[in-house]
Amino acid sequence: MTEFTNRGVQTSEAVVLEAFPPPNAVRRPSRAMHPWLSFAIRRGASLIVTFLALVVVSFLIVQLIPGDPAFAIAGANADLADVERVRQELGLDLPLGQQFMTYIGQVLSGDLGTSFIYRQPVSTVILSRLPFTATIAVAGIVTVLLIAVPLGMMVGLLTRSGKRSWLDTGFGVITGFLDSIPGYIVATFLVILFALGIGIFPMLPPAYSTRMVAESFVLPVAALVIGPICTVSRVVRRETAVVLENDYMRTARGWRLPASKQYVKWALPNLLTTTLTLSGLIFSGMIGGAIVIESVFALPGLGTGIIKAILDRDYPVIQGMVIVIGMIAAAINLLVDVVLGLIDSRNLGGSHANA
Amino acid sequence: MQTRSRRTTWNAGLVSGLLLFLAIVVIAAIAPIAFGSAAEESGARQGPSADHWLGTDTAGHDMLLRSLVATRLTLLMTIGATAIAVVAGVLLGTGVWLMRGRTREVCLRVIDGMVAFPALLLALVVAAVLGAGGSSAVVAIGIAGIPYFARLTGNLAAKVSQQDYITTARLLGVKNTRIVLKHMLPNMAEPLLVLSASTFAQSLTAISALSFVGLGVQSPAYDWGKLLNEALPSLLAGRPYQMVGPASLIIITGIAAILIGDGLAAMANPRSSTKRAPALTVPSGSVLQQDDDRSYVATIKDLQISAGGVPLVKGVSLGIKEGEILGIVGESGSGKTLTAMALARLLPDGLSSQASKLTVDGLDLLGAVPARRMAETVALVYQDPGSTFNPSLRMGTQLTEVLTTHKNWTKAKARQRILESLRMVRMTQPELRMKQHPHELSGGMRQRAMIAAALSNEPRLIIADEPTTALDVTVQADILRELKRINRDYKTSMMFISHDIGVVRALCDRVLVMYRGEIVETIDASNLTEVQVQHEYTKALLAATPDMSDPLPVRQRAVPVSTDSTEGVLHV
């Protein structure tokens with residue numbers, strides 16, 4: 001659901017950058033410990049904290065249901081026996097502390113419970129859906145980076161120091177407009193244009209075919225990436241303008257380096273920090289997200305899965321998905337930070353909390 | 001935020017955004033009353049026609065009317081969710097700021113953690129607890145927006161709280177809550193308003209999304225998302241018209257909110273809307289004269305530089321002899337840097353320059369010069385060694401680049417040469433420095449590295465633009481000694497720019513004094529005493545130097561002349 005991931009980005013990219021200052025901005029005194037070691041310890045600890053938080057949250061989902069959770073879960077048409085069965089199955093009759101200990105024990109041993117609807121382990125349900133979401137999310141973020149970074153840099157270069165103001169304005173208006181259209185509406189337009197009108201790309205949901213057909217992922221990925229491409233290319237454009245003004249670019253000019261080297265080798269690495277930080281956010285949004293897009297194209301991914309689970313009151317599946325999606329998001333954040341650290345070791349000390 | 005007079009210029013975006021939004025609000029107010037019952041009239045499914053402009057749905061409801069009627073519910077839900085996010089976000093954000101030390105750190109960490117998470121997950125957790133439905137969608141989207149809003153409010157609060165008036169209020173013992181209400185919130189109002197507009201746009205699409213996937217508004221009620229949800233099967237069956245109404249209303253409302261947000265932001269930040277000076281054409285040549293003095297490494301004749309019609313350098317002519325160190329002194333904006341940059345062909349965009357002659361080492365700089373020739377002829381050392389190196393690349397990678405690019409040397413050979421140069425400028429542990437990033441070196445070390453890079457190419461001319469201004473006094477002396485040594489040992493000509501007349505006198509052979517874009521005096525460095533200089537301005541410069549006998553004065557003072565020279569001044 002792209003509309004969540006770029007929350008606030010649309011009005012001004014500055015907002016995003018304010019929330020996530022590029023780690024370079026914070027220069028920290030170098031500590032005695034090796035930066036990668038302290039990074040590993042810190043991030044390892046925060047992964048554990050994240051995991052525990054997710055377990056607590058998913059545990060609370062059932063506890064917080066207004067009224068008697070067992071009644072709510074069993075549904076309106078359930079008789080008392082059904083309610084009792086649900087109560088026992090979820091262990092709702094036990095004291096809260098004991099429930100939590102049991103739950104956390106199960107989760108730690110890899111047991112996410114059994115789906116009420118499918119009557120199979122939650123982990124099986126999730127694993128069968130994960131590939132679809134992972135495919136469109138990974139294809140999505142790769143597409144976003146491949147298109148947005150060169151596009152943003154090019155516009156940034158062409159419009160530097162106030163040149164070609166028509167391009168500047170045009171780019172701003174077009175990306176602003178496309179960015180403001182929700183992904184699911186983009187999806188419907190794409191369906192009208194391609195699947196119905198021209199018929200190049202099949203609407204056929206991959207699940208119904210024997211293998212995952214590449215063509216049927218084209219439209220979902222396209223719908224997913226148009227907004228983020230606009231967001232990221234705008235940020236890259238702005239950052240390019242900033243980087244070009246820097247003294248080290250003058251140094252490169254002074255050394256008479258060829259233009260290609262100036263832009264690719266000198267400027268690009270300095271754009272990456274911001275771009276990757278932002279892309280990490282967009283990516284983790286995509287992984288959990290594609291929800292609405294998956295609905296439009298009837299892809300049996302995590303998104304449609306969790307919606308169906310909520311509508312079916314299939315709480316074990318909901319709980320399991322919250323933990324899994326959450327951990328995937330955390331893993332992506334970690335991955336981005338590792339990449340940032342590889343680019344510039346100063347990023348390793350980065351704590352966002354520098355307010 | 002600058003304390004510039006804030007003109008309430010109503011920009012076009014803001015006006016059109018407000019008008020669009022007003023139209024939507026009017027529809028929201030009127031449509032349910034006017035068309036509420038008509039929208040429920042069922043019949044046969046039809047395509048678009050004169051009676052039903054957007055066709056009807058499967059139950060025969062007119063889609064145009066239903067889209068209009070749905071405006072009220074959609075708008076109310078969006079406003080509700082936005083209000084939750086804004087109010088709770090502001091309370092949390094400022095609340096965190098009011099906390100002390102450790103607690104604040106922990107809370108910021110928690111909010112950070114939540115922001116880094118997909119807001120979607122939070123929304124779904126809330127939806128899972130409360131079940132599918134309109135009000136739970138509002139709560140879910142509202143709550144999902146809180147962390148982000150809190151984070152930004154916290155950032156703003158931190159920024160505002162460093163302002164003088166807040167510090168003063170604190171010193172006076174004003175209570176924290178009062179500081180927040182009286183001093184901080186009013187000063188954060190503008191950015192928060194901008195942010196609220198964007199939160200509104202986001203909430204609109206998010207709430208519609210929840211209804212679209214079936215987790216939001218339930219039948220028989222309908223909002224735009226729900227209408228889209230009902231239209232989806234028709235779309236896949238090849239009847240796309242049912243989508244048009246709700247989809248376009250969602251887009252229009254979203255754009256209205258974004259236009260308002262952008263407009264407010266542009267209003268708050270007047271700089272963003274001002275147009276920059278248009279780029280002008282760069283060097284245009286003219287007559288070449290044949291009075292070439294062979295002993296000059298570099299010659300400039302009648303150099304004029306202007307920015308948008310404002311003259312910055314007014315007809316400067318100079319020559320730099322073989323092995324000479326030519327000093328150029330003058331205050332900021334006197335045109336000394338621009339003159340040097342014109343000689344290096346590195347004038348910034350937006351400036352236009354003209355000269356009747358511009359040569360270095362026999363190269364006519366008014367025509368095209370191959371990059372390699374230029375790189376081997378002129379080397380530069382800049383003012384602030386803190387920013388002249390690329391922070392993302394290792395020193396070795398950067399320093400060897402000139403050699404691998406222009407001399408086509410292998411990495412290893414270039415490395416050897418740079419190591420040599422680094423030793424020449426007496427850099428400590430050169431091998432280690434090559435592996436380090438710029439930020440790991442001190443300012444003095446970076447400046448030595450810059451000089452080493454210049455040396456490695458064996459240039460004919462080194463242009464040093466205030467190379468020691470940003471350095472400590474002791475380091476400054478070291479660097480100057482280094483430059484002097486290079487000049488003595490390798491006979492490299494230098495153009496040394498400074499506003500410190502003492503430094504110039506100690507280092508240079510000949511000195512030009514620039515004032516407001518013109519050379520007002522040329523004098524041998526040894527004659528640079530108050531008795532011998534002619535021009536008033538030079539005298540004033542000299543008078544401002546603390547101690548005449550000290551070869552490297554401790555710290556230059558501001559020159560107490562010409563306070564009215566700010567117009568058209570551009571210091572690069």
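Reader: What is the relative accessible area of B:E322?
Author: This is a predicted model in which local features need pLDDT of at least 70 and side-chain atom pairs count only at pLDDT 80 or more, while totals for chains, interfaces and linings use all residues. Side-chain values use heavy atoms, with hydrogens and water left out, residues are numbered from 1 along each chain as its sequence is written, and chains are lettered from A and ligands numbered from 1 in the order in which they are written. With a 1.4 Å probe and protein chains only, buried means under 20% relative accessible area, exposed over 50%, and partly exposed in between. B:E322 counts as partly exposed, because its relative accessible area is 44%.

Reader: Which residue does the side chain of B:E322 meet in a salt bridge, and how many residues apart are the two?
Author: A salt bridge here is a side-chain nitrogen of Lys or Arg within 4 Å of a carboxyl oxygen of Asp or Glu, and the side chain of B:E322 meets that of B:R460 at 2.9 Å, N to O. The pair links distant parts of the chain, with B:E322 in the loop between β2 (310-321) and β3 (325-329) of chain B and B:R460 in the loop between α16 (443-456) and β8 (461-465); helices (H or I, at least four residues) and strands (E, at least two) are DSSP runs, numbered from the N terminus. The partner is therefore partly exposed at 29% relative accessibility, and the residue asked for, with a separation of 138 residues, is B:R460.

Reader: Which helix of chain A holds both A:K308 and A:D312?
Author: The side chains of A:K308 and A:D312 meet in a salt bridge of 2.9 Å, N to O. A:K308 is partly exposed at 36%, and A:D312 is partly exposed at 30%. Being four residues apart, they are separated by about one helical turn of the helix that spans residues 302-312, namely α14.

Reader: Where does B:R373 lie, given its salt bridge with B:D361?
Author: The N to O distance between the side chains of B:R373 and B:D361 is 3.9 Å. B:D361 lies in the loop between β5 (357-360) and β6 (363-364) of chain B, so the pair ties together parts twelve residues apart in sequence, with B:R373 in helix α12 (residues 371-377).
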